[in-house]
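Have the viewer open as you read, and follow along residue by residue.

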Amino acid sequence: MSRVSKTHVAVIGAGPAGLMAAEVLAQGGAYVTVYDSMPSAGRKLLMAGRGGLNLTHSEPLPQFLARYREATPHLKAAVEAFPPKALRDWSDALGQPTFVGSSGRVFPKAFKASPLLRAWLRRLDSAGVQFALRHRWTGWDESGRLVFQTPEGPRLVDAGATVLALGGASWPRLGSDGAWVAMLAAKGVKISTLRPANSGFTVAWSDIFRDRFEGQPLKGVALTFGPHTLRGEAIVTRAGIEGGAIYALSAELREAIVKSGQETLNIALRPDLEINGLIARLSQPKGKQSFSNFLRKAVQLSPVGIGLLQEAAKASGLSLSSLSPAALADLINAVPIRLTGTAPIARAISTAGGISFDELDADFMLRGLPGTFAAGEMLDWEAPTGGYLLQASFATGAVAGRGALKWLNQS
Ligand SMILES: Cc1cc2nc3c(=O)[nH]c(=O)nc-3n(C[C@H](O)[C@H](O)[C@H](O)COP(=O)(O)OP(=O)(O)OC[C@H]3O[C@@H](n4cnc5c(N)ncnc54)[C@H](O)[C@@H]3O)c2cc1C
């Protein structure tokens, strides 16, 4: 027999969006239970804190909002109501003051997510928020009750309002696996296909290159794809290439690859050197040294950079040492890398696609499922890394929480 319990609001998903919704609801006097399939809350938030928890960004709000691309009009009100300054104050109030890094990104001074999450969970607990972990939501029964699979068997929950904050589909081992898509699609909710965002790409490296350079960073390079050029770092992976500069171009690259099957990205290995200076360096006598040594000394190329040049030369049936200084300089300025596909969503930092904004009212309530709200990465937006992902997750969670409160007060 399934157990049936009553709760005023069920928040499903204990990530930043769900926890923020729960906080707003509890502050508004609602009786809230947060359900999550995992044995503990906020696993992806903790992972996000591994390399420094980039909570938000300090750039002016209009610039900040533009990072959400086509979704900007849909997220504007949410982010304006809970802007980066409010997020920083909120973190401060949890005993986690923030600072602005040299790139304008905002981090907690502790850098990690764990002290922030711990303090937040304590505060939610004092506000009366209940947690039901190891509860995997699998949809609704025929009476509209929420169905959860738990270690003790199925559990049915009759909620006055529900906030869905189930995340995207990247890093599924942290809990967000995108299984909700089928449940909502079955209810007629329009969902844009979940796709990798801030992801790597596949490249058919030669065995020699892959074995030698897997895991090696390409530092201080400039990447060009179509009209976009940006500086940063990329990392060679077994299956291709990833890293900050790649993530920043990933939306454009992904969409182009969907259309054409593959795309070429150009990497400038020495973007700071003028072409004539580069040619002059490459025209120096080589002496008896190997060609790789010559390149390393004359142009300060790293072994992985030289490896990339060799891959490109081989693909065109040429040998590097046969190129003129001018042709070699051109290659160093734009090594073509053929991207054969997008890396799997499981390895991406975040997810593009999700519940279409047409399906939501201004409170992020699903028009076709009155009393059910949605927030966070499960909505159809994407953004680069830089704190925009967490900011939108927190801000949309707050909107859904306020919306659910309004709904409870009306009904
Ligand atoms: C490695 C990595 C680093 C990152 N670094 C940053 C960063 O520095 N800055 C930044 O802004 N963003 C970063 N992000 C992205 C950020 O963590 C996410 O955008 C954010 O966590 C999304 O919040 P959310 O609440 O929507 O979803 P999630 O945090 O994914 O939470 C969703 C929750 O729902 C639960 N759930 C899913 N399905 C079910 C179900 N059927 N039943 C019950 N529970 C379910 C999951 O277990 C999970 O706890 C990073 C992501 C990764 C993977």
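Helices (H or I, at least four residues) and strands (E, at least two) are DSSP runs, numbered from the N terminus.

A word on the basis of what follows. This is a predicted model, in which local features need pLDDT of at least 70 and side-chain atom pairs count only at pLDDT 80 or more, while totals for chains, interfaces and linings use all residues. Residues are numbered from 1 along each chain as its sequence is written, and side-chain values use heavy atoms, with hydrogens and water left out.

**The whole chain**

The protein chain has 15 helices and 19 strands. Along the principal axes, its C-alpha atoms fill a box of roughly 85 × 40 × 35 Å. Of its 411 residues, 52% count as buried; buried means under 20% relative accessible area, exposed over 50%, and partly exposed in between (1.4 Å probe, protein chains only). The accessible surface comes to about 17800 Å², and carbon and sulfur atoms hold 53% of that surface; the areas come from the Shrake-Rupley method with a 1.4 Å probe, and for residues only the protein chains shown count as cover. Contact means heavy atoms within 4.5 Å. Among contacts between residues at least 6 apart in sequence, 70% join residues at least 24 apart.

**Arg254 and Glu382**

Which side chain does Glu382 join through a polar contact of 2.7 Å? The partner is the side chain of Arg254, where a polar contact is a pair of N or O atoms within 3.5 Å; within protein, one must be able to donate a hydrogen and the other to accept it, and residues adjacent in sequence count only if both atoms are side-chain atoms. Arg254 is buried at 3% relative accessibility, and Glu382 is buried too, at 11%. Glu382 sits in the loop between strand E19 (372-374) and helix H15 (388-410).

The side chain of Arg254 also has a polar atom 2.9 Å from the backbone oxygen of Pro196. Beyond four places in sequence, the residues that Arg254 touches include Phe201 and Thr342.

**Two loop residues**

Asp177 is found in the loop between strand E9 (153-164) and helix H7 (180-185). Asp177 is partly exposed, at 36% relative accessible area, and its side chain makes a polar contact of 2.8 Å with that of Arg136. Leaving aside neighbours within four places, Asp177 is also in contact with residues including Gly168 and Pro172.

Gly128 belongs to the loop between helix H6 (114-126) and strand E6 (130-132), and is partly exposed at 35% relative accessibility.

Each of these residues has a listed C-alpha separation:

| Pair | Apart in sequence | C-alpha separation |
|---|---|---|
| Asp177 and Gly167 | 10 residues | 7.9 Å |
| Gly128 and Ala30 | 98 residues | 9.2 Å |

**Helix H5**

In helix H5 (residues 84-93), Pro84, Leu87, Trp90 and Ser91 are buried. Seen down the axis of H5, these buried residues fall within an arc of 120°, so they line one face of the helix; the arc is that of the directions from the helix axis to the C-beta atoms. The face turned away from the buried side carries the exposed residues Lys85 and Ala93. Just after H5, Gly95 takes a positive phi of about 80°.
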